[in-house]
Amino acid sequence: MTDKAENEPAPKKTGKKKLLIIAAVATVALLAGGGALAFVLLGKKPDAGAEARVEPRKMPVFVDLDTFTVNLKDKEGGDRFLQVKLVAEVKDSAGGEMVKTLMPAVRNEVLLLLGSKAAEDLSTREGKEALAKEIVAAANKPLENTAQAGAVDGVNFTHLIVQ
């Protein structure tokens, strides 16, 4: 019986060794790939020139222009009116002070503009956006020939009723 045991080949362990080697190589490759990906994603620094081109937004100064109530033009001869509360967006505090100083003239220009409008002009978003641009031009008119010419960048409607 011993002869039979000596003649039989030993059980093969090479299959398990190959499997362990393949698993080890796969693990190393996975870790190396993950490390390379992390390096690319986390180690990538933004272009220094791109940071220099992007400037932080300068915060505007808001100046309350108060409430305006005006009669609107009406083709049918009816009574239509507009009530709107506006806040001007000004470039800086010096421009804000100039708008406040010239407020009677600014309000006059805005009132004249608003009174020339018809209700149909203000019925759409596009009409309101066009009105806002016209109000900016009207508000800047009294600022012409001052150190703060063109100081009003925009206007915000905080209240708007058309009847």
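Guide: A residue is buried when its relative accessible area is under 20%, exposed when it is over 50%, and partly exposed in between (1.4 Å probe, protein chains only). This is a predicted model, where local features need pLDDT of at least 70, side-chain atom pairs count only at pLDDT 80 or more, and totals for chains, interfaces and linings use all residues. Residues are numbered from 1 along each chain as its sequence is written, and side-chain values use heavy atoms, with hydrogens and water left out.

Visitor: Is Asp66 buried, exposed or partly exposed?

Guide: Asp66 is in strand 1 (residues 61-72); strands are DSSP runs of E with at least two residues, helices are runs of H or I with at least four, and both are numbered from the N terminus. The relative accessible area of Asp66 is 42%, so this residue counts as partly exposed.

Visitor: What is the phi of Asp66?

Guide: Most residues other than glycine have a negative phi. Asp66 is not a glycine, yet its phi is positive, at about 75°.

Visitor: Is Asn145 buried or exposed?

Guide: Asn145 is in the loop between helix 6 and strand 3. Its phi is also positive in a residue other than glycine, near 65°. Because its relative accessibility is 81%, Asn145 counts as exposed.

Visitor: Is Gln148 buried or exposed?

Guide: Gln148 lies in the loop between helix 6 and strand 3 (152-162). Leaving out residues up to four places away in sequence, Gln148 touches Asp92, Ala94, Gly95, Met98 and Leu143, where contact means heavy atoms within 4.5 Å. Its relative accessibility is 17%, so Gln148 counts as buried.

Visitor: What pattern does the protein chain follow along the sequence?

Guide: The chain has six helices and three strands. In sequence order, the pattern is α-α-α-β-β-α-α-α-β.

Visitor: What percentage of the residues in the protein chain is buried?

Guide: The protein chain has 163 residues. Among its contacts between residues at least 6 apart in sequence, 68% join residues at least 24 apart. The buried share of the residues is 25%.

Visitor: At what angle do the axes of helix 5 and helix 6 cross?

Guide: Axes are lines fitted to C-alpha atoms, for helices over the stretch in contact, and angles run from 0 to 180 degrees between N-to-C directions. Helix 5 (residues 103-115) and helix 6 (residues 125-140) have axes that come within 8 Å. The axes cross at roughly 145°.

Visitor: How many nonpolar residues are in the contact of helix 5 with helix 6?

Guide: Val106, Glu109, Val110, Leu113 and Leu114 of helix 5 meet Leu131, Glu134, Ile135, Ala138 and Ala139 of helix 6. Ala, Val, Leu, Ile, Met, Phe, Trp, Tyr, Cys and Pro count as nonpolar, Asp, Glu, Lys and Arg as charged, and the others, Gly among them, as polar. By class, this contact has two charged residues, no polar ones, and nonpolar residues numbering eight.

Visitor: Is Leu114 buried or exposed?

Guide: Leu114 lies in helix 5. Neighbours within four places in sequence aside, Leu114 is in contact with Phe68, Val70, Leu72, Leu82, Val84, Leu131 and Ile135. At 1% relative accessibility, the class of Leu114 is therefore buried.

Visitor: How many Å separate the C-alpha atoms of Gln83 and Leu114?

Guide: Gln83 is in strand 2 (residues 80-90), and it is partly exposed because its relative accessible area is 24%. Along the chain, Gln83 and Leu114 are 31 residues apart. Their C-alpha atoms are separated by 9.6 Å.

Visitor: Which residue has Arg107 over the face of its ring?

Guide: A charge sits over a ring if NZ of Lys or CZ of Arg is within 6 Å of the ring centre and within 35 degrees of the ring normal. Arg107 lies at 4.2 Å from the ring centre, over the face of Phe68.
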